[in-house]
Amino acid sequence: TQPFPDTADECQPSTAQPNWPTYHIVNNVTLHPHGHTTIEPLNDANAIFFYKGIWHVMNQAGGGNWTHAISSDLVHWFHIEDALSPNRSSSWDYSGPCDGTVSFPDLGVGKFHGSTPIIMYGPDCGQPISVN
C-alpha cells in the first residue's frame with residue numbers, strides 16, 4: 001500500500017504520465033577546445049515563480065550562488081545575473097546563500113501587498129555564524 005494513498009496519482013515519475021510536460025534547465029555549459037564540455041554544478045531549485053509575464057527559476061549553484069534564469073515559454077531559458085552571491089564582508093552569508101525560497105507576502109504596507117517578490121534564504125548552508 002502507498003504510505004499516502006491520496007497522492008498515488010500525483011507521486012509518479014514523468015514516464016508514468018507521458019502527457020505531463022517536463023522542463024529542463026541547466027547551468028552554464030562550457031565547450032573546451034578539444035570538444036570536452038563541462039557543466040557548472042546545479043543544486044536545489046529554490047525559487048520557481050511567474051512574475052510580470054516571465055517565468056523565473058533560481059537555484060543553488062557551485063560557489064555559493066543562486067543562479068537566475070528567465071523564460072517566457074518554459075522551453076527557452078536565458079541566464080541573467082545571479083540572484084544572490086556570497087557577501088565576503090558579512091558573517092551572515094560569507095559563504096553565500098543556501099536553502100531558501102521566494103514568496104509574495106501581503107504585509108499590508110507599501111509595495112508589499114502580495115505582488116512583490118521577496119527572497120528569503122539561510123546563510124552558509126548550516127555553517128556556524130561567527131559573531132564579532
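Q: How many bridges join β4 to β5, and which way do they run?
A: Seven bridges join strand β4 (residues 54–61) to β5, and the two run antiparallel. Strands here are DSSP runs (E, at least two residues), numbered from the N terminus. Two strands pair if DSSP finds at least two bridges between them. This is a predicted model, where local features need pLDDT of at least 70, side-chain atom pairs count only at pLDDT 80 or more, and totals for chains, interfaces and linings use all residues. Residues are numbered from 1 along each chain as its sequence is written, and side-chain values use heavy atoms, leaving out hydrogens and water.

Q: What stands opposite A69?
A: V57 stands opposite A69 in β5. H79 in β6 also stands opposite A69.

Q: How many bridges between β5 and β6?
A: Four, and the strands run antiparallel. They form a hairpin with six residues between them. L74 in the turn has a positive phi of about 65 degrees.

Q: Is β5 mostly covered or exposed?
A: Mostly covered: six of its seven residues (65–71) are buried. Buried means under 20% relative accessible area, exposed over 50%, partly exposed in between (1.4 Å probe, protein chains only).

Q: Switching to rings. How many aromatic pairs?
A: Four. Rings of Phe, Tyr and Trp (its six-membered ring) pair if their centres lie within 6.5 Å; planes under 30 degrees apart are stacked, over 60 edge-to-face, the rest tilted. One of the pairs is F50 and W55, tilted at 4.8 Å centre to centre and 55 degrees between the planes.

Q: Why does F50 count as partly exposed?
A: Because its relative accessibility is 47%.
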